[in-house]
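User: Please take a close look at one part of this model, namely the strand pairing and the nonpolar core that goes with it. A connected account with the cut-offs stated would be appreciated.

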Amino acid sequence: MPSPAEPQTVSPWPAPQVPSPLNADVRVPGSKSLTNRYLVLAALADGPSRLRAPLHSRDTALMVQSLRALGATVTEVDGDGAFGPDLEIRPMEPGSASGAEIDCGLAGTVMRFVPPLAALKAGSTAFDGDPHARQRPMTAIIDALRGLGVTVHDDGTGALPFTVAGTGEVAGGRLDIDAGASSQFVSALLLAGARFRDGLHLVHTGSALPSRDHIAMTVQVLRGVGVHVDDSVPNEWRVSPGPIRAFDVAIEPDLSNAGPFLAAALVAGGTVRLAGWPERTAQVGDRWRTILPALGGTATLSEGTLTVTGTGRITGAQLADTSELAPTVAALCALADSPSTLTGIAHLRGHETDRLAALVTEINRLGGDAEETADGLIIRPAPLHGGVFETYADHRMATAGALIGLAVPGVLVQDIGTTAKTLPEFPQLWRELTGGLY
């Protein structure tokens, strides 16, 4: 199964530098997390839906391809977004999915969100993905489906590849899982829960639950399309059975992907402005408004534009649960003039790559002083030098390397094309930010 927009191995990319403080206005495409959540809900809705200004990237292309394989119709239509067409979705048609093959690529939202949809179809659906995808945690979703009475064949690996043997109906009811490896396990089941015969009473039985902001986002979008979700008890969610209302929604800009551009103001000095910032949002990227000031910058939101200003001097900080923002935060900390400690991010070991090990390896490769802890990183000041910054097929490693390269001459980012996973326009937007200077 070929992967759409799969990044190709190319020569290392010379990270641009800037000769003077920044004064830039930037825009980024729609949120990947919101785009893929709304795509799943549109496939389950009670009528046609429309996504306005969605993200067009490898992860979203894989989701569209998956939903089409399960019988949904996804059509590109003209829209007002600056980064591609809108999407119109007609929900999955009744009938069999026998023989469907789902290519997950390296997209956690596809490999976790789509299996419950396959369970609602009659017949077998095969799931596989990139080589790195076979190393990502999947046991919780496989065990959850089995707990709901769905047959899953995985040869005992608890990982990709596996096959879901759907019967066309999922009974639902109470389900206990340990979602400590990824909040996506919770979101996956909540998104489909209203379509289970008896709804869903989901209980997280483990201790730590990472990335709770992403679960809050899932609950918010579900309520926005008429699904009743009760999350009043900690670590429990009750989804009532019933229809998912068709919708017409504008996708917010991806605030996580905005991070490197905003952080550039702290590295190079000057000001970066990003328009379209929502006044209220469930996106974890909204934390940039507190993270960047903690590292020595200022961040002001006014009339939908976030303005970040820096001096070129970065101060270290103690930061907890930075989630998917951690690679960008770590890049800033590697350039700081005092030590930093990042905690509450042990789950990043199970992301596109082991991000904690990868960040330590690549920061230290450039002369830095970083070390892993049980649940995070310690990064101390050290003079950095140029060299190749490996990305491990991880888009956020690539953007972290580009950020370090703003301040350190001679940084070469290996496979900048891996940013196509969530932001295909990254190299172009980064050149525009920096004036195209190398």
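Analyst: Two strands are said to pair if DSSP finds at least two bridges between them. Strands (E, at least two residues) and helices (H or I, at least four) are DSSP runs, numbered from the N terminus. The model is predicted: local features need pLDDT of at least 70, side-chain atom pairs count only at pLDDT 80 or more, and totals for chains, interfaces and linings use all residues. Residues are numbered from 1 along each chain as its sequence is written, and side-chain values use heavy atoms, with hydrogens and water left out.

Strand β5 (residues 86-90) pairs with β4 (residues 73-77) in the antiparallel sense over five bridges; there, Thr75 has Glu88 of β5 as its bridge partner. Strand β5 is also antiparallel to β3 (residues 49-52), with three bridges, and Leu87 in β5 is the bridge partner of Leu51. Strand β3 runs parallel to β14 (residues 248-250), again through three bridges, and Leu51 has Val249 as its partner in β14.

Leu51 is also among the residues with the most contacts inside the largest nonpolar core, which has 79 residues. Such a core is a set of buried Ala, Val, Leu, Ile, Met, Phe, Trp, Tyr and Cys residues joined through side-chain atoms within 4.5 Å, where buried means under 20% relative accessible area (1.4 Å probe, protein chains only). Helix α1 (residues 32-44) gives the most to this core, with eight residues. Leu117, likewise among the residues with the most contacts there, touches Val40, Ala43, Leu44, Leu67, Leu70, Met92 and Ala192, not counting residues up to four places away in sequence; contact means heavy atoms within 4.5 Å.

Note on methods: Buried < 20%, exposed > 50% of the residue type's maximum accessible area, 1.4 Å probe, protein only.
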